[in-house]
Amino acid sequence: FAQEDERLVVKSISKHSHFASPGCAVKEGHTVVGINEFIASVFTPEDAVFLVRSILASSPTQLSITTIATPKALTAWDKARKAAVLAGGGALVATGTALLVTPVHPLGHLFQLGGGAVLATEFEGARTVMDRAKARFDTVSSDASGRTSMKDRWRRLRSRGNGEGLPAS
């Protein structure tokens with residue numbers, strides 16, 4: 001065990017220990033949250049080693065270590081990919097927004113949706129927005145399928161009126 005940023009972290013695992021088996025969830029670099037229901041943040045690395053050894057000596061089947069995976073630092077490649085996605089998706093959204101005030105405004109919507117989809121590949125906030133947009137689209141499209149079409153409304157209006165599409169006066 002080791003202490004990193006006031007967290008107890010699994011520093012290394014011996015090849016011949018109980019934790020070296022392939023099915024063990026405890027991995028090097030994971031943050032230790034608890035050891036047999038004891039909160040691990042109160043332990044020094046030496047205390048944690050002593051506690052684990054004493055539990056294994058008395059009853060090896062009664063050891064429970066709760067860990068969480070420590071987030072990995074982004075590599076240069078990850079940062080470059082995120083920047084490229086941000087630039088490309090942002091450009092699509094900005095272009096779509098600019099197109100909304102032109103006669104080709106339906107293309108603006110497509111550009112915005114495409115930019116949102118690109119951003120959603122890398123950013124959780126954009127993914128949430130796109131999921132909400134998909135849910136809203138599904139709701140609207142299911143509502144629209146149950147409604148009367150404009151053609152049917154026009155036919156009904158003509159049948160009640162004077163035959164020329166206008167209501168009788």
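**View 1. Strands S3 and S5 pair in the antiparallel sense.** Strand S3, which covers residues 31–35, is joined to S5 through four bridges in this predicted model. One of the residues to look for is Ile35, whose bridge partner in S5 is Ile65.

**View 2. Strand S5 has a covered face and an uncovered face.** Within residues 65–68, Ile65 and Thr67 belong to the covered face, whereas Thr66 and Ile68 belong to the uncovered one. In a regular strand, side chains alternate between the two faces of the sheet. Which residues does Ile65 contact, once its neighbours within four places in sequence are left aside? Ile65 is then in contact with Phe19, Val26, Val32, Gly34, Ile35 and Val52.

**View 3. The largest nonpolar core has 16 residues.** The members that touch the most other members of this core are Phe19, Val32, Ile35, Phe43, Val52, Leu63 and Ile65. Both S3 and helix H1, which spans residues 45–58, supply at least two residues each, and H1 gives the most, with five residues. In soluble globular proteins, nonpolar side chains tend to be buried together.

**View 4. Helix H1 has buried residues along one face.** The 14 residues of H1 reach 20 Å from the first C-alpha to the last, which is close to the 20 Å expected at 1.5 Å a residue. The buried residues of this helix are Pro45, Ala48, Leu51, Val52, Ile55 and Leu56. Seen down the axis of H1, these buried residues fall within an arc of 125°, and therefore they line one face of the helix. An α-helix has 3.6 residues a turn, so residues three or four places apart point the same way. On the other side of H1, the exposed residues are Glu46, Phe50, Arg53, Ala57 and Ser58. The buried residues of H1 pack against several strands, namely S1 (2–4), S2 (7–9), S3, S4 (38–39) and S5.

**View 5. Phe38 and Phe43 form an edge-to-face aromatic pair.** A pair of aromatic rings is described by the distance of the centres and the angle of the planes. The count of such pairs in the model comes to one. The ring centres of Phe38 and Phe43 lie 6.3 Å apart and their planes meet at 70°, so the pair is edge-to-face. Are these two residues buried or exposed? Phe43 is buried, because its relative accessible area is 15%, while Phe38, at 46% relative accessibility, counts as partly exposed.

Technical notes: Residues numbered from 1 in each chain as written. Predicted model: local features only at pLDDT ≥ 70, side-chain atom pairs only at ≥ 80, totals over all residues. Heavy atoms only, no water. Buried < 20%, exposed > 50% of the residue type's maximum accessible area, 1.4 Å probe, protein only. Pairing = 2+ DSSP bridges. Phe/Tyr/Trp six-rings, centres within 6.5 Å; stacked < 30°, edge-to-face > 60°. Core = buried A, V, L, I, M, F, W, Y, C linked by side-chain atoms within 4.5 Å. Contact = heavy atoms within 4.5 Å. Expected span 1.5 Å × (residues − 1). Arc of directions from axis to C-beta.
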